[in-house]
Amino acid sequence: AILGNTRMRVRIMYTGALSSCGFTAYGEVEDYTVTVKGLCQASGGGWEYISGVEIGTINNTGTDASGYTDYAAMSTTIGVGQSLPITITNGQPYSGDQCGIWVDWNHNDEFTDPGEEITVIGSPGLGPYTALNTPPTGASLGSTRIRIRIAYVGALEACGHYTYGEVEDYRLNVM
């Protein structure tokens, strides 16, 4: 789907061939604006990659250094106010590598809201990187994304492409 505003048409008819346009004596047509949103795109490449992620019940050492991998099928549960330690292992450590972690606490498919970037200890550096993940009191309950990124860059962002780095997405079930 193309992101942004698009039109949705709903039509009901008593008789005749149903189509999006045209006249009918018995029926109604309504148009609505629907905003299509999606998680921002992120990718990487080159030598820096994530070789291990540990968060709660997630223990993923089978990463494939593909630039971006959606591991959303892997999830762990966390309660509001509870803390989960996170450990990220760098597969090709370089002293200038950075690690970033973001959680979409309000489920708006963005990682730019206050409190969604998690403080990472050991970044920049060789790793392993550690963090303490604690949902804020206003966190939306249910399933949400957690994004992890390693890259060799000056300023690390949750979205976009970096030539040297990798991104992995997982799921947190906030209770």
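How many salt bridges does the count come to? The count comes to five. Please keep in mind that this is a predicted model.

I will take some of these bridges in turn. One of them joins the side chains of aspartate 31 and arginine 7, at 3.8 Å from N to O. This pair connects distant parts of the chain, with aspartate 31 in strand E2, residues 27-36, and arginine 7 in strand E1, residues 4-13. The two residues are 24 apart. Aspartate 31 is partly exposed, at a relative accessible area of 36%, and arginine 7 is exposed, at 61%.

Next is aspartate 70, which makes a salt bridge with arginine 145. Their closest N and O atoms are 2.9 Å apart. Here too distant parts of the chain are linked: aspartate 70 belongs to strand E6, residues 68-78, and arginine 145 to strand E11, residues 142-151, which puts the pair 75 residues apart.

Is arginine 145 buried or exposed? Arginine 145 has a relative accessible area of 14%, so it counts as buried, the cut-off being under 20%. Aspartate 70 is partly exposed, at 41%.

Arginine 145 also forms a salt bridge with aspartate 169, and there the closest N and O atoms are 3.4 Å apart. Aspartate 169 sits in strand E13, residues 165-174, and is 24 residues from arginine 145 in strand E11. The relative accessibility of aspartate 169 is 0%, so aspartate 169 is buried. Taken together, Asp70, Arg145, Arg147 and Asp169 are linked in a network of salt bridges.

Now the charges over the whole chain. There are 8 positive and 18 negative side chains. The centres of the two sets lie 12 Å apart.

On to the overall form. The chain has 13 strands and zero helices. The radius of gyration is 21 Å, well over the 16 Å that the globule rule gives for 175 residues, so the chain is more spread out than a compact globule. Along its principal axes, the C-alpha trace spans about 70 × 35 × 30 Å.

What share of the 175 residues is buried? Buried residues make up 38%. The accessible surface of the chain is about 9500 Å², and carbon and sulfur atoms account for 54% of that surface.

Last, the contacts. Of those between residues at least 6 apart in sequence, 69% join residues at least 24 apart. That is the end of my part.

Key:
Residues are numbered from 1 along each chain as its sequence is written. This is a predicted model: local features need pLDDT of at least 70, side-chain atom pairs count only at pLDDT 80 or more; totals for chains, interfaces and linings use all residues. Side-chain values use heavy atoms; hydrogens and water are left out. Helices (H or I, at least four residues) and strands (E, at least two) are DSSP runs, numbered from the N terminus. The radius of gyration is taken over C-alpha atoms; the globule rule is 2.2 Å times the number of residues to the power 0.38. Buried means under 20% relative accessible area, exposed over 50%, partly exposed in between (1.4 Å probe, protein chains only). Contact means heavy atoms within 4.5 Å. Accessible areas come from the Shrake-Rupley method with a 1.4 Å probe; for residues, only the protein chains shown count as cover. Lys and Arg count as positive and Asp and Glu as negative; His and the chain ends are not counted. The place of a charge is taken as NZ of Lys, CZ of Arg, CG of Asp or CD of Glu. A salt bridge is a side-chain nitrogen of Lys or Arg within 4 Å of a carboxyl oxygen of Asp or Glu.
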